[in-house]
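Visitor: I would like to learn how to read the features of a model like this one, step by step. Could you take me through them?

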Amino acid sequence: MSESSRYQPQAIEAAWQQQWQEQGLHATPELQPGDDTFYALSMFPYPSGNLHMGHVRNYVITDVVARVARLRGKRVLHPMGWDAFGLPAENAAIERGVDPGAWTDRNIASMREQLNQLGLSIDWDREVATCHTDYYRWTQWLFLQFLEAGLAYQKDATVNWDPIDQTVLANEQVDSEGRSWRSGALVEKRKLRQWFLKITAYADQLLDDLPKLEGWPERVRTMQANWIGRSTGAELSFPVVDGDGNDTAERITVFTTRPDTIFGASYVVLAPEHPLVATLTTAEQAIQVEAFCDLVSRQSEQERTADDKPKRGVPIGAQVRNPANGELIPLWIADYVLAEYGTGAVMGVPAHDQRDFVFARQYELPVRQVIIPEGSDEHAFEGGAWTEAGVLIHSGPFTGLPSGEAKRTIAEAAESQGWGRAKVQFRLRDWLISRQRYWGCPIPVIHCDGCGVVPVPAEQLPVELPRDVAFSGKGGSPLAQLESWWQVACPCCGKPARRETDTMDTFMCSSWYFLRYSDAHNTALPFSRGAVDSWLPVDQYVGGIEHAILHLLYSRFFTKVLRDRGLLGFDEPFQKLLTQGMVQGITYKNPHSGKYIAPADVADPTDPRDPITGEVLEVFYEKMSKSKHNGVDPAVVIDKYGADTARMFILFKAPPEKDLEWDDADVEGQFRFLQRIWRLVDGAAERGLSLKDGACTPAAVAEALASGALSGEEQELRRAVHTAITAISDDLDGDYQFNTAVSELMKLSNAMAAQLEASRPALACEALRTLLILLAPFAPHLAEELWLKLGGRHEAEQLASSSVHRQAWPVADTAALVRSTVPLVIQIKGKVRGSLEVPADADKATLEQLALASDIAAKWLEGKAPSRVIVVPGKLVNLVP
């Protein structure tokens, strides 16, 4: 280690990182019965090749949590891996002619090195990469578990097709403008045979178990609840009538949450993709219907259902009978009805649904009021839909019933008469996992003309991706074009068969990786029941809010299915969830051209102008990104200030769940703070203080306290030390407040700078020991170096026992927090004029006497007696002349 008396992070950080790695300081311990475990986990990254500040914030937060847990005596699992399948690697293969696997492995090596430079206490022995066969073998094995349970199936479905990336997208991967979340292409609709997981079978559990997740942000739980979207209502069947008005055997079934309004239904609407549209459309309407269906096919789901978009439709010429009153009503198709949601059909009740009201007015369809507020006139709401509760009118035998009661009684009547039933429906749809790409986990099934869908036998897993693949970016999946790969013998009958050429959605790989870490080297199973139940659920999970629906919901689904398969013994994967805020950089934008300007190109930040046009630029903070030229390279910060400074700034600048605005001046401020700590401890070491010295042991501290003769400086020092222990411990429990914890470290170092030299060695060393242990999770390299410098360990000692990171978290001495005196503010006519140290137990009369006798009173009252004295015990005395 460096012998320099100056703080030089570049000289110490790499050396400590090497020692930690060589001595296995961060290895996960072997568990013994009764061990108190703690599993700290960051959402694993895609290996793009470069860390950004968002990564740094995520991983540093988790690292502090893991380090504190170790100091508190817990057995800690803190792993890392790579979400390594996906489009970027395949795109690189297309654009650069490189092997996707080799490209990914190079990026992993680069990012692993960058992560190590942050001083993270990761157990790299448990590293996983989802693109490696020793991982995706088990992803395939788990898929077969779903298949065996009846939770994986194929069906023809209208899917979102990305014409640029040539793949199917899940609904969640299409943005609000109908574009692919990756390529930005306008998504098209296609019919393909696709693989799905039946997540809807667990919809009730996924919703009902949300209240158990008390350690999750309410915002995330609400987002999941809304996405699952449970609705209680009824399914009602409308008979299709022929040209003579007679009922046919065909039925149009709708789902509604308002069966109480069925007497007001004046039309029924089908999705343009509904299978009955082709057969029920009359010859007179065929051309119009065909043109409309073609128009809708080019719209995204978001465009079709957006509240602010006009709803369009056409009649198909057929009619249905309202089963409640026998009335014949027209059958339409409209863009806002989706084939995949519910039954693909809705009943139109314009008087009691605002969307239906607007649609009916637009196309001159009847509006019939069947619910009114109690005591109201039925004509009171002709300007819009009445959507609240009320009393039924014009509803046959149900007239006069409150609408809430009518929902139940009409559903019961429908069931007894054979035209409906009560039903619960969900917004959630089954998870489409098929992708027509190469760089993904192959789906382990074989299609045989005689045997049907045949699972690949478990002993033949993994189904490996072939490496002799040509990448053109055109014509669908490269796997489908490689006959030598997909042409196989059926495992059942031995006849020629075809391997499935779709690969899995990458969310399949990330929905169980946290389980693999518990038993990463198991070659017989994805994980053993004993290992996974010992470490899981994850105690603290850290990641971005953008994963609230996709990754987190799928991970919960996986966990519940695997529980039901007997593979694990818990209901939820993550006990506590922290969604860290974004890291924002100062951003310059030309409001006229929309062009972003790099900060380095702005000559004068006080008068920012476009370097080419001279136009005044807008200045604001926005999420760091390459396109906005506002990013800060973590490597540049580490090279200049060291990893500990970067960590301290990230933790201090903002509460973890809030957005963080990058400021170079604040980074410099944290560097100066760490320099002060260096000088404080280095100066103590130069004065001969050593934690190995007999005069500095805990026994010596106890002896000093037993003497009962602490000086004022020593009392202040111990009070500062144990106040810091209390405050920082509180900040690192429950809702993490790293920013205030760092602030408490600053207060402690200031108090030590003032009182350390005036205190006896035992008490000075108590303060120094405490400071370094409290600092260790935040600035691990500096704390380790100063621990060595102060004699916390000898060079020859193993870090496993003597490292500052292997010490016990300090416990506050409540006696040290008791003050014999307290500051008393003296006000004259409401203005603060000074303060006094007074006995902590002084009563009002004593405080008044002390205030009146003070030099402050003598100066400001000029010998006059005050007209009034206001005493607030323990805080202030206000003297009013």
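**Reading the features**

Guide: Counting ring pairs gives 31 aromatic pairs here, where rings of Phe, Tyr and Trp (its six-membered ring) pair if their centres lie within 6.5 Å, with planes under 30 degrees apart called stacked, over 60 edge-to-face and the rest tilted. One of them joins Tyr7 and Phe671, a tilted pair with 5.8 Å centre to centre and 35° between the planes. Tyr7 lies in the segment before α1 (9-22) and Phe671 in helix α20 (residues 664-686), so this pair ties together parts that are 664 residues apart in sequence; helices are DSSP runs of H or I with at least four residues, strands are runs of E with at least two, and both are numbered from the N terminus.

Before going on, please note that this is a predicted model, in which local features need pLDDT of at least 70 and side-chain atom pairs count only at pLDDT 80 or more, while totals for chains, interfaces and linings use all residues. Residues are numbered from 1 along each chain as its sequence is written, and side-chain values use heavy atoms, with hydrogens and water left out.

Visitor: Are Tyr7 and Phe671 buried or exposed?

Guide: Buried means under 20% relative accessible area, exposed over 50%, and partly exposed in between, with a 1.4 Å probe and protein chains only. Tyr7 has 6% relative accessibility and counts as buried, and Phe671 is buried as well, at 12%. In another pair, Tyr202 and Phe557 have ring centres 5.7 Å apart and planes at 65°, so the pair is edge-to-face. Tyr202 sits in the loop between β7 and α6 (203-208) and Phe557 in helix α17 (residues 550-564), 355 residues apart. Tyr202 is buried at 8%, and Phe557 is buried at 0%.

Visitor: Which residues do ring pairs link into a cluster with Tyr202 and Phe557?

Guide: The cluster consists of Phe146, Tyr202, Trp431, Phe507, Tyr554, Phe557 and Phe558.

Visitor: Which charged groups sit over a ring?

Guide: The rule asks that NZ of Lys or CZ of Arg be within 6 Å of the ring centre and within 35 degrees of the ring normal. Arg112 places its charged end over the ring of Trp124, 5.9 Å from the centre, and Arg498 lies over the face of Trp486, at 3.9 Å from the ring centre.

Visitor: How should I read the sheet with β7 and β17, and in which order do its strands come?

Guide: Strands of a sheet pair through backbone hydrogen bonds, either parallel or antiparallel. Two strands pair here if DSSP finds at least two bridges between them. Four strands form an open sheet in the order β6-β5-β7-β17, with antiparallel pairing, and the edge strands β6 (167-169) and β17 (431-432) each pair on one side only. Strand β7 (residues 188-197) is joined to β17 by two bridges, and Phe196 has Leu432 as its bridge partner in β17.

Visitor: How many disulfides does the structure hold?

Guide: A disulfide is a covalent bond between the sulfur atoms of two cysteines. With the criterion of a pair of cysteine sulfur atoms within 2.5 Å, the structure holds zero disulfides. Cys448 is in no disulfide, and the nearest cysteine sulfur, that of Cys493, is 3.6 Å away, which is too far for a bond. Cys448 is buried at 7% relative accessible area, whereas Cys493 is partly exposed at 36%.
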